[in-house]
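Here are my notes from going through the model. Have it open in your viewer while you read.

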Number of protein chains: 4
Amino acid sequence: MGKTVIDVNNNIPFNNNVDYCVGTGRLGLALTAEYLEQLKLVQKEIGFKNIRGHGLFCDDVAIYQEYEEDGITKVEYNYTYIDRIFDSYLELGIRPFLELGFMPEKMASGTQTIFYWKGNTTPPKDYKLWTDMVIALLKHLRSRYGEEVLDWNIEVWNEPNLPGFWYKADMEEYFRLFKETFTAIKAYDERFQVGGPAICGVNDEEWIQKFLEFCKAEGIKPDSVTRHHYTVEFPERIGHYDYSKLEEPVARLANLQSTRDIVESFDEFKGLPIHITEFSTSYTPKGVIHDTNLNAAYLAGQLSHLGDMNTSYSYWTFGDVFEEQGVPFTPFHGGFGMVANGCIPKPTFYTFAFFKQLKEFGTDCIFRDDTAVIVKSDKGFAGILWNIDTDDFTRTFTFPVSGEYTLITKTVDEDTCNPLKIWHDMGEPPYLTKAQTELLRDCAKPLFGSDVISAENGKADISLTAKRNGVVYFELTPRTFTPDRGYDYDKVLSFH
Amino acid sequence: MGKTVIDVNNNIPFNNNVDYCVGTGRLGLALTAEYLEQLKLVQKEIGFKNIRGHGLFCDDVAIYQEYEEDGITKVEYNYTYIDRIFDSYLELGIRPFLELGFMPEKMASGTQTIFYWKGNTTPPKDYKLWTDMVIALLKHLRSRYGEEVLDWNIEVWNEPNLPGFWYKADMEEYFRLFKETFTAIKAYDERFQVGGPAICGVNDEEWIQKFLEFCKAEGIKPDSVTRHHYTVEFPERIGHYDYSKLEEPVARLANLQSTRDIVESFDEFKGLPIHITEFSTSYTPKGVIHDTNLNAAYLAGQLSHLGDMNTSYSYWTFGDVFEEQGVPFTPFHGGFGMVANGCIPKPTFYTFAFFKQLKEFGTDCIFRDDTAVIVKSDKGFAGILWNIDTDDFTRTFTFPVSGEYTLITKTVDEDTCNPLKIWHDMGEPPYLTKAQTELLRDCAKPLFGSDVISAENGKADISLTAKRNGVVYFELTPRTFTPDRGYDYDKVLSFH
Amino acid sequence: MGKTVIDVNNNIPFNNNVDYCVGTGRLGLALTAEYLEQLKLVQKEIGFKNIRGHGLFCDDVAIYQEYEEDGITKVEYNYTYIDRIFDSYLELGIRPFLELGFMPEKMASGTQTIFYWKGNTTPPKDYKLWTDMVIALLKHLRSRYGEEVLDWNIEVWNEPNLPGFWYKADMEEYFRLFKETFTAIKAYDERFQVGGPAICGVNDEEWIQKFLEFCKAEGIKPDSVTRHHYTVEFPERIGHYDYSKLEEPVARLANLQSTRDIVESFDEFKGLPIHITEFSTSYTPKGVIHDTNLNAAYLAGQLSHLGDMNTSYSYWTFGDVFEEQGVPFTPFHGGFGMVANGCIPKPTFYTFAFFKQLKEFGTDCIFRDDTAVIVKSDKGFAGILWNIDTDDFTRTFTFPVSGEYTLITKTVDEDTCNPLKIWHDMGEPPYLTKAQTELLRDCAKPLFGSDVISAENGKADISLTAKRNGVVYFELTPRTFTPDRGYDYDKVLSFH
Amino acid sequence: MGKTVIDVNNNIPFNNNVDYCVGTGRLGLALTAEYLEQLKLVQKEIGFKNIRGHGLFCDDVAIYQEYEEDGITKVEYNYTYIDRIFDSYLELGIRPFLELGFMPEKMASGTQTIFYWKGNTTPPKDYKLWTDMVIALLKHLRSRYGEEVLDWNIEVWNEPNLPGFWYKADMEEYFRLFKETFTAIKAYDERFQVGGPAICGVNDEEWIQKFLEFCKAEGIKPDSVTRHHYTVEFPERIGHYDYSKLEEPVARLANLQSTRDIVESFDEFKGLPIHITEFSTSYTPKGVIHDTNLNAAYLAGQLSHLGDMNTSYSYWTFGDVFEEQGVPFTPFHGGFGMVANGCIPKPTFYTFAFFKQLKEFGTDCIFRDDTAVIVKSDKGFAGILWNIDTDDFTRTFTFPVSGEYTLITKTVDEDTCNPLKIWHDMGEPPYLTKAQTELLRDCAKPLFGSDVISAENGKADISLTAKRNGVVYFELTPRTFTPDRGYDYDKVLSFH
């Protein structure tokens with residue numbers, strides 16, 4: 001490729017909200033040690049602000065309880081586990097994004113369940129029981145965690161447009177659930193933030209349109225509109241695994257734009273926040289692509305654009321403690337996580353780490369195209385380069401600067417950070433020994449590089465190589481050279 | 001290069017005793033947190049059995065105390081600090097190699113001191129005070145640590161053949177010190193292990209010869225002979241730093257052989273253990289070469305041969321907490337350590353880690369030349385390749401095996417693990433921020449690679465590349481392929 | 001009370017095997033962080049060798065899996081979770097005591113389940129599926145953990161004499177299960193240790209008798225006989241809680257003796273180890289007595305005798321992560337554990353800690369009655385005093401010794417270590433804040449005391465006070481007085 | 001004693017600034033692991049904001065360096081160690097209170113030194129060298145730690161009114177040092193906070209008076225006045241130890257008032273902050289009283305009043321890593337610290353912990369006399385009771401409240417928390433084993449108590465007992481009783 005000249009006066013809209021939220025396996029799993037270790041790693045190296053998952057009201061969390069007394073069925077609530085879970089989150093610096101669901105078995109109107117862990121996905125047998133439980137929980141959370149709870153996002157249910165997640169995908173019934181819930185919460189305290197309809201990509205235009213019409217008709221103003229975003233075709237299932245083709249990245253972004261367009265078409269809802277409360281490539285927890293370097297590169301492309309029409313977007317999920325399709329048989333089983341079981345970062349982990357580092361470096365975007373994004377700040381320049389399944393390439397960027405610069409690069413590609421390959425070459429052991437786990441952790445690191453760049457004639461060129469499925473983060477910062485008395489690096493290298 | 005065919009029936013003597021002992025800055029520094037963090041890292045990743053340093057009897061450790069009572073000067077001992085130090089060592093799984101020295105100021109016959117920290121290097125004013133102190137210490141150690149103390153190595157003084165370390169380098173006086181000490185200890189318990197004369201490379205042949213003649217004449221049989229081994233020419237000092245040329249590695253090994261030859265020439269001492277109680281390239285703590293990849297590669301060559309004529313050899317030193325020439329001004333100041341201040345591993349750290357991994361893999365050597373060593377065990381094959389300052393090269397080894405093998409490689413070279421260069425490119429900051437320290441730690445890792453090797457016609461070829469100043473560790477082990485039901489790695493990579 | 005003169009030549013049989021084994025909530029709970037923290041505390045302060053719990057084959061551990069292929073149902077096993085669980089145990093220095101049960105849902109012949117977590121308690125639909133699963137597991141464990149697995153205890157099922165735990169409490173069917181399992185394991189490797197019948201105290205004499213008759217008739221020699229031991233009357237249930245009266249301690253021991261007598265009545269089985277694989281006071285996880293000081297004192301009495309007729313005895317359970325009756329509503333809910341949720345030690349925790357300290361001090365028992373036990377060793381004397389719900393008392397023991405002794409005492413009673421009371425006085429908060437949890441942890445410590453005991457005329461008296469429901473541990477060891485130069489403790493205290 | 005009726009409308013001035021600052025052994029010791037562990041404990045349980053110690057410019061910290069170049073002596077600075085030290089402080093949440101001193105050997109005008117560690121206490125040979133060094137340090141600190149450095153307190157030298165600390169205790173010369181330093185710093189940035197004269201109690205009135213006259217005459221307005229405060233008579237030294245009588249506590253406070261009076265007598269300096277930059281009972285690091293419960297009780301009395309006339313007061317010192325009089329021979333050697341070596345809290349540790357807890361509870365003082373202080377807040381009431389060497393006593397306080405209250409008490413006295421006695425009873429072992437250290441740590445805890453207090457007729461009585469040399473902390477807070485369904489504490493205790 002030729003040189004790309006960077007215009008530092010560009011001001012490209014780039015809502016890099018990579019760290020706003022991340023997805024999780026059902027909340028009950030947050031009691032487990034492996035889950036917490038993975039989340040600790042993710043928070044240490046990336047640091048998300050919010051976390052969203054299913055199962056808040058499922059029976060393993062055990063909030064809703066009934067008992068008989070004097071022949072009457074009475075209700076009591078148990079917050080032992082949800083406190084333990086949310087305490088852990090807050091200790092790790094991450095706040096709950098409350099997805100209200102699914103249905104406690106004893107409150108359910110039917111027996112339909114979803115997943116290996118059998119979340120009941122039917123409406124409540126009595127909406128009063130439901131709203132009482134929701135309000136009681138919010139009161140409890142407020143008494144425990146204080147007024148910050150008012151700022152936590154609340155989302156009503158998950159993917160009601162799929163019959164597995166909501167009995168018959170009954171739109172009317174979902175709108176009722178939304179209205180009852182929304183109204184009860186706002187009656188308790190109107191400052192709570194309540195959104196929906198949390199749909200997946202099926203019939204999304206119709207659902208969003210009707211949802212907003214419903215809200216308008218009912219005089220309801222949700223605090224946000226929520227939906228999901230997955231980017232593969234229907235998978236082929238073989239044995240325990242799902243193989244699926246990636247969709248063309250840009251085409252899928254157009255689908256997201258349509259949601260924004262619908263929202264903007266309502267005067268009442270113009271400018272409402274849209275939260276993509278789940279996104280990934282494959283939508284199954286056996287989607288083999290999740291463990292690959294291709295996934296990492298593809299997501300770099302997504303992360304460079306998801307903020308264009310959305311307030312936030314939450315990767316589904318931070319780790320591989322999951323269980324929707326049962327207990328995995330191997331560490332690399334195509335789980336949704338950025339981190340494989342055994343606390344092994346997958347390449348995608350670094351895509352998120354790099355976009356977070358980019359955000360911390362600066363948010364003034366001065367360059368973006370389909371393989372790179374660059375920002376500036378008073379520290380200098382930083383950027384990310386990616387290669388989605390094309391031949392290796394090298395790009396040269398020309399910065400209009402003078403003086404000496406330090407270039408630091410961090411590279412994740414199939415040669416430098418590829419635990420899946422090493423695991424495969426080891427024979428695909430299903431049950432890792434401690435030594436194998438450590439080896440896989442040790443190999444799952446970026447490769448660091450550095451250079452001194454001297455500008456000439458007011459220009460400095462940096463050349464960066466992105467191998468197939470590689471992601472490269474770089475920082476270019478003015479270099480203050482402060483050699484100690486008598487230290488001469490060139491002499492160090494040559495004198496022997 | 002052509003292929004190198006490996007004869008697995010070879011049985012090459014290879015005393016890989018890389019983990020026997022490591023050197024340390026003076027013992028008093030073992031009270032500090034930075035020292036202990038570095039040692040913890042070294043013990044976790046390498047794991048040495050013994051540790052040897054100066055300063056056991058120096059005043060900062062405070063063992064020897066005098067006080068006046070009734071007009072008389074009396075002696076008392078204080079073990080508060082030495083207990084704290086040795087407790088730390090034993091908790092980290094490393095045992096003291098006791099170097100007896102230097103002289104407590106109040107016991108000294110003169111005022112000559114050495115180093116920034118002023119170790120007194122004169123004989124005792126009264127040998128009885130000295131031997132009393134030594135025996136009292138051994139008794140105290142035994143009461144605290146039990147009978148294992150009998151197995152700790154004891155060495156009398158350090159480099160008495162240098163006038164800085166021993167007043168006038170007075171050979172007669174050293175022999176007296178040795179005899180008094182040796183005799184007193186053996187009188188206390190003859191099971192203690194006592195050696196000397198701990199000389200550096202100056203006049204070594206003369207000193208070893210005369211030391212053994214003295215022992216023979218006196219009817220003394222030391223438990224070991226000890227000496228040092230450095231491999232650079234006289235340095236050029238510029239500002240705070242020392243630049244020196246490496247000596248030809250093999251020539252220097254011949255000098256070690258001469259010590260072995262002298263020992264063997266005495267019927268009484270034939271086969272005595274020889275401990276190289278210090279070795280490195282440069283012999284100064286400002287020797288800039290220590291921080292380089294060249295140092296790592298050169299030492300690989302040394303480690304492949306040092307066991308040929310010696311029982312053990314102790315790298316000087318594990319870390320950069322040192323102070324002999326004062327407090328360093330920067331993190332990369334040519335300190336002796338494998339680990340730079342800030343707990344940053346230098347390339348040489350991995351040379352030791354790799355030789356330790358090799359030892360744990362197996363000790364049956366089947367190949368060794370000037371750039372490689374290979375062992376076998378029931379687990380398969382492992383080896384190390386190195387490149388001492390030559391052009392990049394690739395070697396192919398042919399193993400007479402059948403079936404499928406997993407090849408794992410770990411590479412440390414100027415491109416993959418070079419914290420010195422990144423620090424230089426950053427501008428050589430003298431006082432690292434936390435972020436800089438973390439970056440330098442993160443970059444100081446080997447690069448991992450893997451491959452599946454299929455033998456054909458009873459032969460398997462592996463090709464390994466050693467770039468200039470690179471060190472490559474590999475393991476070649478039979479691969480048991482256990483893919484899970486439905487998992488197809490090739491399909492994972494191609495299906496998108 | 002008068003003085004009790006200790007005869008140091010006594011040799012009282014006292015099989016103090018307090019640390020042999022401890023019980024746990026179902027194995028699946030070992031994946032959780034709270035569970036592991038509690039176990040870590042228990043292992044650090046007490047240190048058990050084995051751990052036994054239900055649920056090895058329950059579906060949350062997910063070992064047994066079926067799938068369809070080509071229209072045929074096939075079996076596969078999943079060891080992901082059990083490896084994680086057992087890895088955690090071994091890291092904490094505790095080994096599994098394998099209780100084989102309950103039935104995977106898909107292998108079950110019926111739908112009967114037990115507990116909140118729905119363990120299926122029916123026989124297998126096909127005994128071949130069962131024994132295949134057992135043998136496959138043992139092979140897997142052996143490949144992962146090595147030959148030590150041969151030493152792990154194996155017990156067939158749990159409490160088959162109760163219809164809730166084994167369909168209809170069908171004795172014939174249990175004997176079949178035992179025989180099929182025993183025979184299959186011994187056919188695989190006869191060195192495995194297999195025992196049963198794991199009964200509770202209902203119809204115990206009949207079951208033990210018939211079990212051994214069955215074994216004799218079938219030519220089977222089990223490696224141990226196992227049963228349980230609880231010591232309360234039938235509880236009164238009020239709301240979430242069970243209140244029950246303690247039985248007279250000695251009477252209950254007689255019941256244990258009857259098991260031993262039956263075993264000894266068979267020539268073939270004389271001397272077989274008897275493992276009490278569960279014991280406690282109350283047999284419900286809502287048994288309010290568990291959290292009291294009375295429980296601690298009562299158990300001291302039990303621990304002083306349980307080894308008389310049994311090889312081992314395993315307290316049910318180490319911690320309060322349990323769930324058999326659902327999720328607890330408060331931290332002090334009468335759970336079985338020595339440790340309450342929030343990692344708060346209950347008084348009973350220290351009864352076990354004290355008996356473990358006693359065991360480590362020595363095993364030569366020289367005194368035992370209904371409120372005290374004393375041992376000697378070359379270190380001196382140690383003992384435990386307890387008071388089961390009587391008025392405060394002080395006992396004086398006279399030791400036939402000379403010289404000076406140090407007496408150290410550790411006291412746990414209602415005044416010194418009573419977290420339940422402090423929690424009650426706080427208002428019985430159901431959901432502890434972090435500060436409340438820390439306060440409760442801090443208060444749950446023994447009170448330490450010390451004294452210098454000077455023998456006179458070859459006798460030394462020590463007086464110890466056990467308040468109601470108190471447990472007191474003491475050590476009496478010869479005192480070597482080594483005051484430093486100028487230090488005078490009496491002067492320190494008086495000089496002001 | 002009779003009842004003490006508390007008037008909750010009282011508003012008693014009580015400047016409880018217990019956590020403002022704490023003293024430390026010389027800064028160079030902050031490199032050691034034992035020091036940092038002790039400080040970590042202190043910060044976790046108490047939490048001070050600032051830390052002050054000697055030795056900033058002493059040669060072990062190595063800031064000031066000279067070298068020859070081209071025949072000229074040049075100056076360079078080395079911040080390697082001071083950065084490491086201050087990084088540690090800030091990580092532990094404590095900020096440096098910069099005491100400028102003592103003199104680098106090469107900058108000194110004389111050879112007089114103080115202490116085992118030989119701090120040079122002579123004026124600079126050239127004041128320009130001194131102020132250059134000071135300003136260079138402040139610039140360095142600001143570049144590393146940012147603008148918060150402007151808020152760090154700066155104090156010029158230590159105890160210049162003692163000839164050991166300042167050559168000949170030369171007042172004129174000190175005033176020159178102060179002026180040169182003050183002027184240089186303010187010229188650099190006037191926002192820095194600079195105070196003096198840091199005198200001990202000898203000739204304090206004269207020094208403070210003349211210091212302020214000097215400042216006035218020179219037109220200097222220091223940011224604070226600093227002095228020290230010790231409360232024992234001249235000690236008797238026996239062997240390694242110092243025995244001294246305590247002074248009457250109130251008399252000593254009068255001496256502090258005199259400093260305040262002098263300050264207030266200058267219009268220019270009225271209201272200036274006074275920092276007691278050192279206080280304790282004994283002023284020697286061998287002062288045996290430091291380890292006693294008496295010390296803890298006496299200091300409670302001091303802490304209840306030190307804020308009356310002073311802005312802050314800094315206990316000398318947090319821990320026993322010290323070395324001014326050499327290396328201690330035993331763990332309980334009368335060191336200044338709240339924490340003994342081995343990280344064993346002394347009783348005094350809890351006096352500070354209790355006053356910190358009191359401060360966090362509330363600062364509105366409603367009662368104070370010579371054995372107690374009580375505050376109120378919206379949480380309820382909290383207070384501290386102490387007994388300075390009198391017979392045990394019980395006090396009853398009557399609070400004008402209604403409803404039910406929880407009383408929590410924490411007691412430290414000779415029976416409940418007395419590691420010195422247990423160590424003595426053990427025989428005063430000089431070198432603790434790990435087990436002994438753990439025992440001493442475990443015994444050094446407060447005893448917790450609790451009660452439910454029911455007000456009657458608008459009054460609630462609480463009775464607290466302070467044994468001789470005891471310190472008791474209490475909190476009295478409204479009790480919300482929330483028993484779970486079916487839980488009846490009285491029944492729990494009685495039903496067996």
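1. Conventions. This is a predicted model, with local features needing pLDDT of at least 70 and side-chain atom pairs counting only at pLDDT 80 or more, while totals for chains, interfaces and linings use all residues. Residues are numbered from 1 along each chain as its sequence is written, chains are lettered from A and ligands numbered from 1 in the order in which they are written, and side-chain values use heavy atoms, with hydrogens and water left out.

2. Chains B and C. Chain C goes onto chain B with a turn of 180°, a shift of 0.0 Å along the axis and an RMSD of 0.0 Å. C:Glu91 is the residue of chain C that comes closest to this rotation axis, at 9.1 Å for its C-alpha. Again the same surface serves both copies, with 100% of the contact residues of chain C recurring in chain B.

3. Cores. A nonpolar core here is a set of buried Ala, Val, Leu, Ile, Met, Phe, Trp, Tyr and Cys residues joined through side-chain atoms within 4.5 Å. Buried means under 20% relative accessible area, exposed over 50%, and partly exposed in between, using a 1.4 Å probe and protein chains only. Which residues have the most contacts inside the largest core? They are A:Phe86 and C:Phe86, in a core of 278 residues. Setting aside residues up to four places away in sequence, A:Phe86 touches, among others, A:Leu27, A:Pro96 and A:Trp152.

4. B:Thr277. This residue sits in strand β15 (residues 274–280) of chain B; helices (H or I, at least four residues) and strands (E, at least two) are DSSP runs numbered from the N terminus. B:Thr277 is buried, at a relative accessible area of 2%. Its side chain makes a polar contact of 2.9 Å with that of B:His228 (a pair of N or O atoms within 3.5 Å; within protein, one must be able to donate a hydrogen and the other to accept it, and residues adjacent in sequence count only if both atoms are side-chain atoms).

5. Helix α4 of chain C. Buried residues in α4(C) include C:Phe175, C:Phe178 and C:Phe182. Down the axis of α4(C), the buried residues fall within an arc of 155°, so they line one face (directions run from the helix axis to the C-beta atoms). C:Glu172 and C:Ala187 are exposed on the other side of α4(C).

6. Ends of helices in chain C. C:Asp170 caps the N-terminal end of α4(C), with a side-chain oxygen 3.1 Å from the backbone nitrogen of C:Glu172. C:Thr32 caps the N-terminal end of α1(C), with a side-chain oxygen 3.5 Å from the backbone nitrogen of C:Tyr35. After α1(C) comes C:Gly47, whose phi is positive, near 85°.

Notes:
Contact = heavy atoms within 4.5 Å. Least-squares fit on C-alpha atoms with pLDDT ≥ 70 in both.
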